[in-house]
Amino acid sequence: MRNLTLTLAILGSTAMTTPAFADGHLPIVEEPLELTVHMHWARAQGYGPGGDTSKIYPVEEVAREATNIHLIDKTSGRNSTDQSEAMNLLLATGDLPDIVGGAKIKQPVNEYGPQGAFQPLNELVAEHAPNIKAWFDEHPDIWNAIAAYDGNVYYIPYLPDGKYARAWFVRQDWLDALGLEAPDNVDELYETLVAFRDQDPNGNGEKDEIPFFVRDWEEVLRLLNLWDARSTGADVYHQFYLKDGAVAHPYAQEAYRDGLANIAKWYAEGLIDPELFTRGSSARDYLLGENLGGMTHDWFASTSGYNIALADKVEGFNFIPYLPPKSVSGNRIEENRRIPMKPDGWAISFSNEHPVETIKYFDYWFSEEGALLANFGVEGKTWDMVDGQPVYKDEVLNSGQPVNSQMYLEGAQVYRGYPQDYRYEWQWTRDSARKGIELYDQEDLLVEQFLGVAFNQDEQAVYDKYYPSIETYMLERQQAWILGSGDIKEDWDAYVETLNKMGYEEVLEVMNSAYKRQYGG
Amino acid sequence: MSMDPNTSGISTEELVVEAREAQRDLKPSKLQNLGDHFKREWQLYVMLVPTIVWLLVFLYKPMYGLQIAFKDYSIFRGVAASPWVGLEHFQTLFGNDQFLRALKNTIIISFYGLIFGFPMPIIIALMFNEILKQWFKKSAQTIVYLPHFVSSVIIAGIVITAFSPSAGIVNTFLGWFGIDPIYFLTKPEWFRPIFVGTGIWQEAGFQSIVYLAAIAGVSPTLYESAVVDGASRWQMMWKITIPSILPTIIIMLIIRIGNMLEVSFEMIILLYQPATYSTADVVNTFIYRQGIQGGQYDLAAAAGLFNAVVAFVLVMTANTISKRYSRTSLW
C-alpha cells in the first residue's frame, strides 16, 4: 500500500514540480546507504519520534524508500534539552556523525566549519542541488546571512514561512463590558489598562484583574515599541538591531530609556502583572483560565486556541488579536515576525565520505515531493492532495492534539534543512487567529530584521571577551528598573558610561565590521 | 602522653610494639607475606576495584583537561592541539567585575550555609535521640528526610509558589499582620536567606543520619553510670553525647569546608533572575553562563581551577587547625 501511495506521490508531484529534472534523480543511490545523524532540537533529542530513537519516523520510512538513504541516529547529549550544550559535547568528542543537524547549529557550524569540522557546501550546492540552488537564487540575502566569515556556507537552514508570529491580544468581552474599543495608540492602551484594573471587567466584585500579562517576561519589552524603542532586532530576545544601516544594541538607545521608564511606571501602577518575572510559562493558562488576564502579546495560533479551550469555563470568553497600538510618534509596528531563516538545519561533517550523496539528499527535502513530506507528513496517512493543495485529514485536524505536535511525532516539521510551507499552519489556525492575521496583513507592520553576522576569530574573541558580561549587566539593570529599584532617567548617564567601560564600543565595532563584510553594507 | 589511670602497668603502645616484634619473627619474607595477604583478603580488594576505577576515570583522567585553563581552547581542535596562552584567562577573570562579585557571593552564601546549615543536622539528631516514642520518632524522621529525595526543580517550584506575592503562603501570612506583599524572588536582599533556608530545609534532615549513627555508637554504659550518678537528660547530652560524637562533627566540618565553594548552583539557576544577580550569582553560575552557554570552555576551566585551589587551601587549613587543637583530622 505504501508503495502505491509513494508512486502516486511521486507521479503527482512530478507533474507539477517546477524544477523539472529534480525528481528524476531518485533514488539517489542504487544500494541503500546509511548516514549517521545528530538531530537535537526542542521537541526531540534524537532522530526518532519524541526523541525515541528505537522507533523510526513514518516520514523517514518514506524518505528511505524514495532516496535509498537511511538516516541512522547518532545524537550526542540526548539527556540534555539544551541544544548548544549537546552540540558542544558532540564537537568535543571529535567523532562527528555524517550529518549534524538540529536547533542552534549556525554559530558552531560557522565557527568550526572554517577550522575543518564541516564541509563547505557552495560547490556541492551549485553542482548537485538544483532545488536548493533555485531557492537561494531567489533569496540571495539569506544565502549571505547563513555564510561563515570565510564566505563559505556550511549548513542548509530550516526556512520558516509566514510573516507574523506574535500579536497583541485583548479580551474583547471585557472591552464590551466596559463599553470600550480596542486601543489604537499608546494613550488609549494606557486608559484601557487602567479601566481593566479599576472597573472590574470580570464582574466578580474583586479588584483581582491583571491588565497586561506575558508568559516570557521578556515579552513585556514589546511595550518599548510604543515609545519608538526596540526590544530586539531578531526573533529571539535582547538581540542587536539595524539602526540606519548600522548594527546597534537597542538597550543603549535613548528611546529605550524613555520606553523603559514608562514600563516601570506601568508596572508600579499595577497595569503589568506584578509577578511578571516568576509566573513563567503557565501564566497564560492560569490567568486566562481564572478569568484574570486582560491583554498579552503572544503567538497568534496558540493564544487563539484558548477561545475554544475556555469556551465552557469562562462565560463569554473572547480573546482576540488587535492591531499594534500606534507609538507616541504615530508609528505602528509589529516587531516580532518569523525570521526568514533559522540558525537550525543541518550540515555535512568533515568525516562524511559521501558528501555528494548527502547534498543530493538535502536537496530532496527542497524538491516538491520532499518539501510536502517534510511539512505535512506521509501523503495518504495524514493528508491528501485536494485540487492541487495538501489538505490534512479530518482525524488529524480534529484529534484533540495540536497538529504541530502530531507532525513532530510523524517526523514532519523536524529541524532538518527544508523550506517550511505556511499552508501547513494555516489549516489548523483558528478562525479568530486567521482574522487577526488578515488584520495584520492589511498594513505593513514589519520592521527590518537583523539576521546576524559571522565573526572571524579575532572578532569572535572580542565579542566573547566583552559581550556576555555586557548583556548580563543590561538585563540586571533592566529588571531592576522595571521593579522600581533605581530610576532609569537618573541612572542613564552612569549606565551608558559603564557600558562603554565594559567594552560596548569594541563590540559594536566588530559587529559592524563583520556586518559590512557579510552584507556589503 | 597521658596515662590512663584505669589500666594497669603496660600501656597500649607497648602492647602494639610487642605484637609487631612477635610478628616480625614469624615473617618469612615480605613478598610471601603480601601473597598470603592477598590470598586471604582478595575479596576485599575486588570490592575496592570499582572505586579505584571510578576515581581514575572520573577524577584523575579529567585532570588532563585542566590544561585548557592555560590554552586558547577550540573544541574541535582538541586539548592537545590548542595553543598555550599562559595566564590570560585568569587575567580576564580577575579583570571582570562580575567574576569578583560572583566570588564574593559564593563566599557569603557558603558562609551563611556553614553558620546556619551546619549545626542544624546535629540539633536534629540530638532531638531525635531524645524522642522516646518509637512510632513518633520513625514518622518524624521520614518527614525530615523526605525533601532530600525531591528534585531541585520541584523544590524551586515550591519555593516560587510559597513566596509568590499574590498566592504565596508567606505573603498571605504577612498579610495577616498588615504587611504588604513582598516580591521576594526579585529582591536581592532576600535571595540569600531564601536560598540558604531552602538548602537547610532540604538537606538538614538527611544529613542528620550521620550524627544519629554516631550517637548510636556511644556506649550505653556511659549513660547508665550517669543515671546512677543522678545526671539529668540535659547534662547527659552535654557531657556524654556531644563529646562522644565530636570527632564525627569535626570530620563533617572539615569535609563541609572543603566543599564550601560548591554552592548547589542548579538551585540558584532555578531561583535567580537578572534582578537578583547582584547577590545570587555565584562562581558556578557565572561559569555556567559564560563558559558552558557561551562556549568559553577555557575561561570556565580557569574559574573552576581557581575554585578548586581555594577549596584545597580551605580544607588543608581546617584540617591542620583541627589536628592541632582537637587531634581529630581527615589525614
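Tutor: A helix here is a DSSP run of H or I, at least four residues long, and a strand is a run of E, at least two residues long. Keep in mind that this is a predicted model.

Student: How does that apply to residues 193-216 of chain B?

Tutor: Residues 193-216 of chain B are 100% helix and 0% strand.

Student: What is the helix content of residues 42-60 of chain B?

Tutor: Residues 42-60 of chain B are 100% helix, with 0% strand. Their end C-alpha atoms are 25 Å apart.

Student: How many helices and strands does chain B have?

Tutor: Chain B has 15 helices and zero strands.

Student: Now helix packing. At what angle do helix 4 and helix 9 of chain B cross?

Tutor: Helix 4 covers residues 97-117 of chain B, and helix 9 covers 188-216. Their axes come within 10 Å and cross at roughly 45°. Angles under 35 degrees would count as roughly parallel, and 65 to 115 as roughly perpendicular. Helix 4 and helix 9 of chain B are therefore oblique to each other. The crossing is right-handed.

Student: Which residues make the contact?

Tutor: Helix 4 of chain B brings B:Asn105, B:Ile108, B:Ile109, B:Tyr112, B:Gly113, B:Phe116 and B:Gly117. Helix 9 of chain B brings B:Arg192, B:Phe195, B:Val196 and B:Ile200. By class, seven are nonpolar, three polar and one charged.

Student: At what angle do helix 10 and helix 22 of chain A pack?

Tutor: Helix 10 (residues 254-268) and helix 22 (residues 488-501) of chain A pack at about 150°, with axes 10 Å apart. That angle makes helix 10 of chain A roughly antiparallel to helix 22 of chain A. Here too, the crossing is right-handed.

Student: Which residues of chain A meet there?

Tutor: From helix 10 of chain A come A:Glu254, A:Tyr256, A:Arg257, A:Asp258, A:Leu260 and A:Ala261. They meet A:Ile488, A:Lys489, A:Trp492 and A:Tyr495 of helix 22 of chain A. This contact has six nonpolar residues, no polar ones and four charged.

Note on methods:
Residues numbered from 1 in each chain as written. Chains lettered and ligands numbered in written order. Predicted model: local features only at pLDDT ≥ 70, side-chain atom pairs only at ≥ 80, totals over all residues. Heavy atoms only, no water. Axes fitted to C-alpha atoms, helices over the stretch in contact; angles between N-to-C directions. Parallel < 35°, antiparallel > 145°, perpendicular 65-115°, else oblique. Left-handed = near helix turned anticlockwise from the far one by under 90°. Contact = heavy atoms within 4.5 Å. Nonpolar A, V, L, I, M, F, W, Y, C, P; charged D, E, K, R; others polar.
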